[in-house]
Amino acid sequence: MVPPLHAEFHCAVCGALAATLTLDAEGVYEHVHFMGQITERTNSQDRDALADGITRGDAAAIFAANPLWAPFYCPECKAVYCGEHWRVEMTFENDEGLPGWYDCAHGTCPHGHRRLVDD
């Protein structure tokens, strides 16, 4: 049995653990960060790019493969931040514009760069 790939990323501001990522041989990807614990299955093409990023501990490569897999990473700063250093704004609105349904979340890094962090 092949052991899962694992990487940890630490905040550029305070050094706190910002995220842990795990990818198993079956393509199940688990990421734990300020948006919670998320588990999903990847396809073979995504799996290779994700495995490469995790193996190298490269948040930019993971972001390039799928920005939502690295909500802890700011591509403009080229830095990782923990939940204490992201300001997250959630949008609650459905397709018809009615309030109350979770739609997405945007995060702003400590340097004011805003991006989609959950959809």
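**Contacts, core and sheet**

Modeller: This is a predicted model. Leaving aside neighbours within four places in sequence, His33 is in contact with Ala18, Ala19, Ile38, Pro71 and Phe72.

Biologist: Where does His33 lie?
Modeller: His33 is part of strand β3.

Biologist: And is His33 buried or exposed?
Modeller: His33 has a relative accessible area of 9%. That is under the 20% limit, so His33 counts as buried.

Biologist: What does Phe72 touch, not counting residues up to four places away in sequence?
Modeller: Its contacts include Phe9, Ala18, Ala19, Leu21 and His33. Phe34, Tyr81, Trp86 and Arg115 are also among them.

Biologist: Turning to the largest nonpolar core, how many residues has it, and which have the most contacts inside it?
Modeller: The largest nonpolar core has 25 residues. Those with the most contacts inside it are Phe9, Leu21, Tyr29, Ile54, Ile62 and Phe72.

Biologist: Which elements each supply at least two residues of this core?
Modeller: The strands β1 (5-10), β2 (17-23), β5 (73-74) and β6 (79-80) do, as do the helices α1 (44-56) and α2 (59-65). The largest share, 4 residues, comes from β2.

Biologist: What about aromatic pairs; how many does the structure hold?
Modeller: The structure holds 6 aromatic pairs. In one of them, Phe34 and Trp86 have ring centres 5.9 Å apart and planes at 25°. Planes under 30 degrees apart count as stacked, so this pair is stacked.

Biologist: Where do those two partners sit in the chain?
Modeller: Phe34 is in the loop between β3 (28-33) and β4 (36-41), and Trp86 is in the loop between β6 and β7 (87-93). The two are 52 residues apart, and the pair links distant parts of the chain.

Biologist: How do Phe34 and Trp86 compare in burial?
Modeller: Phe34 is partly exposed at 22% relative accessibility, whereas Trp86 is buried at 6%. Together with Tyr81, Phe34 and Trp86 form one aromatic cluster.

Biologist: New topic: how many disulfides are there?
Modeller: The count comes to 0 disulfides. Cys14 is in none, and its nearest cysteine sulfur, that of Cys82, is 3.8 Å away. Cys14 itself is partly exposed, with a relative accessible area of 45%.

Biologist: Finally, what is the strand order in the open sheet?
Modeller: The open sheet has 4 strands in the order β1-β2-β3-β4, with antiparallel pairing. β1 and β4 stand at the edges with a single partner strand each, so one side of each has no neighbour in the sheet. Neighbouring strands are turned by 10° against each other on average, direction ignored.

Biologist: How many bridges join β1 to β2?
Modeller: There are 6 bridges between these antiparallel strands. Leu5 stands opposite Leu23 in β2.

Biologist: And which strands does α1 lie across?
Modeller: α1 lies across β1, β2 and β3, and runs at about 135° to β2.

Terms used:
Residues are numbered from 1 along each chain as its sequence is written. This is a predicted model: local features need pLDDT of at least 70, side-chain atom pairs count only at pLDDT 80 or more; totals for chains, interfaces and linings use all residues. Side-chain values use heavy atoms; hydrogens and water are left out. A nonpolar core is a set of buried Ala, Val, Leu, Ile, Met, Phe, Trp, Tyr and Cys residues joined through side-chain atoms within 4.5 Å. Buried means under 20% relative accessible area, exposed over 50%, partly exposed in between (1.4 Å probe, protein chains only). Contact means heavy atoms within 4.5 Å. Rings of Phe, Tyr and Trp (its six-membered ring) pair if their centres lie within 6.5 Å; planes under 30 degrees apart count as stacked, over 60 as edge-to-face and the rest as tilted. A disulfide is a pair of cysteine sulfur atoms within 2.5 Å. Two strands pair if DSSP finds at least two bridges between them. Axes are lines fitted to C-alpha atoms, for helices over the stretch in contact, and angles run from 0 to 180 degrees between N-to-C directions.
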